[in-house]
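Reader: I'd like to learn how to read a few features off a model. Can we go through some together?

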Amino acid sequence: MADARYTAILFDIDGTLVDSNYLHVDAWARAFADVGHPVPVWRIHRAIGMDSGKLLEVLLGDDLDRLGDEAKERHSTHYKRDAERLRSFEQAQELLRELAGRGLKVVLATSAPQEEFEVLQQVLQIDDAVAEYTTSEDVAEAKPAPGVVQMALKKAGVEPGDALMVGDAAWDMQAAKKAGVDGVGVRTGGIGPGELTDAGAIAVYDDVADLLQRLDESPIYRG
């Protein structure tokens, strides 16, 4: 086995390790309907993975100040109610444990609120393989701003060139690129390989199981 090209692998969670994106889409759709501002589901999906403040700005427009806080609260209510539907993607735990077993630092780089992060932790059951993690409490602005990635680097104690980001959204790839970190995309968030590549991904896999199967030939080990 060749030496790894990186010392830390940063993972987005929602849509990358846990099948949660469409649960968020549904929760936001219900929330917007609740506040009297229905939004087409496809537009919500396009914004998933974006900082929630930016998501609300994009989807509520001129109604942001009037409806934003209530919509955010309603989203949280709907998401929590359906959280039992959350499942990790196939072989997500195996990939993280394999990387950790090979001596790489595994970092969960998310801006999910602490309460949501704890739910995701329970779904993943992978604390034994995780060296560090971030939540919304660590950053002022989420992806596509680079703050989440930069904080993950700081917590891992590595330089940008020594880390790789794995994510499902264009926002993940854009944030990584802004932070000087290479990015690898997975298609499980519903974003196509062309868009992920255009956003900066140096490789795209169907899912984390696909990345695990081809790990030794991936950018983690081969440039």
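Reader: Which residues in α3 meet which residues in α4?

Author: Quick ground rules: this is a predicted model, where local features need pLDDT of at least 70 and side-chain atom pairs count only at pLDDT 80 or more, while totals for chains, interfaces and linings use all residues. Residues are numbered from 1 along each chain as its sequence is written, and side-chain values use heavy atoms, with hydrogens and water left out. Helices (H or I, at least four residues) and strands (E, at least two) are DSSP runs, numbered from the N terminus. Contact means heavy atoms within 4.5 Å. Here Ser52, Leu56, Glu57 and Leu60 of α3 meet Leu64, Leu67, Gly68, Ala71 and Lys72 of α4. By class, the residues of this contact are 5 nonpolar, 2 polar and 2 charged; Ala, Val, Leu, Ile, Met, Phe, Trp, Tyr, Cys and Pro count as nonpolar, Asp, Glu, Lys and Arg as charged, and the others, Gly among them, as polar.

Reader: At roughly what angle do the axes of α3 and α4 cross?

Author: Axes are lines fitted to C-alpha atoms, for helices over the stretch in contact, and angles run from 0 to 180 degrees between N-to-C directions. For α3 (residues 52–60) and α4 (residues 64–81), the axes come within 10 Å and cross at roughly 130°. That makes the pair oblique, since under 35 degrees is roughly parallel, over 145 roughly antiparallel, 65 to 115 roughly perpendicular and the rest oblique.

Reader: Is lysine 143 buried or exposed?

Author: Buried means under 20% relative accessible area, exposed over 50%, and partly exposed in between (1.4 Å probe, protein chains only). Lysine 143 is at 3% relative accessibility, so it counts as buried. Look for it in the loop between β3 (132–134) and α7 (147–156).

Reader: Which side chain makes a polar contact of 2.9 Å with the side chain of lysine 143?

Author: A polar contact is a pair of N or O atoms within 3.5 Å; within protein, one must be able to donate a hydrogen and the other to accept it, and residues adjacent in sequence count only if both atoms are side-chain atoms. That partner is aspartate 172, and the side chain of aspartate 12 also pairs with lysine 143, at 3.0 Å.

Reader: Where is glutamine 125 found?

Author: Glutamine 125 lies in the loop between α6 (114–124) and β3. Its phi is positive, about 50°, although it is not a glycine, and with a relative accessible area of 55% glutamine 125 is exposed.
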